[in-house]
Amino acid sequence: MPVINISEKNKRILVSIDDLYIGYLYSSDIMRLSLTDGMEISDALADEIREKIFDRMFFKALSYLERAEYCAEEIRFKLSHSDCSKEMMDGVIEKLYKNRYLDDKRYALSFLRSYSGKKGLRLMETELSYKNIPKEIIKEAVDEYLEDEGYSEDDAIKRILDKKYKDADMSDPKIKSKVVAYLVRKGFPIDKVNNHLT
């Protein structure tokens, strides 16, 4: 029979079954199920505990996604603060993808829309790849975004210059150098940046 181990961390009760960490339960769960550290439990009760923890993590992930579009990597990071086991996270992520709550292309398009006025295309592509969005999906999203939204890096550079550096004296080499450095850090190609500053 499976053995349950219980320990406490920051008012959360962490649960392992047969030395495999699962996640956390509330003290009300422990009392309701009459669980004690080191006790043997039935397979059915072990499954019930796993299911309860899984459902709690799944609905927590859904609550994040109700407020904003997130990628799998961001959901993993958020769930890691909830004492969720890696196996439980993998299962939650898989179910989120299966039910289309997570969608890499939808996320990439949302990301491009959010940052296109502040960052260059190269930087946005790099940041998406850091979030483990597959390269082919990034390319697909970028192509679709460029076609549908008519995005132009030149327009984005012009908007930033008009908003942030409207009164800057570009004849001063130090100021011009700072502006160039800022825009290049934001992922805009230096040749395009220089075109707007000559």
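Mentor: Happy to. The protein has ten helices and three strands, where helices are DSSP runs of H or I with at least four residues and strands are runs of E with at least two, numbered from the N terminus. Read from the N terminus, the order is β-β-β-α-α-α-α-α-α-α-α-α-α. The radius of gyration is 24 Å, well over the 16 Å from the globule rule for 198 residues, so the protein is more spread out than a compact globule; the radius is taken over C-alpha atoms, and the rule is 2.2 Å times the number of residues to the power 0.38.

A word on the source: this is a predicted model, in which local features need pLDDT of at least 70 and side-chain atom pairs count only at pLDDT 80 or more, while totals for chains, interfaces and linings use all residues. Residues are numbered from 1 along each chain as its sequence is written, and side-chain values use heavy atoms, leaving out hydrogens and water.

Now the cysteines. The structure holds zero disulfides, a disulfide being a pair of cysteine sulfur atoms within 2.5 Å. Cys71 is in no disulfide, and its nearest cysteine sulfur, that of Cys84, is 16 Å away. Seen from Cys84, the closest cysteine sulfur is in Cys71, and 16 Å is too far for a bond.

Cys71 is buried, with a relative accessible area of 2%; buried means under 20%, exposed over 50% and partly exposed in between, using a 1.4 Å probe and protein chains only. Cys84 is buried too, at 9%. Across the protein, 40% of the 198 residues count as buried.
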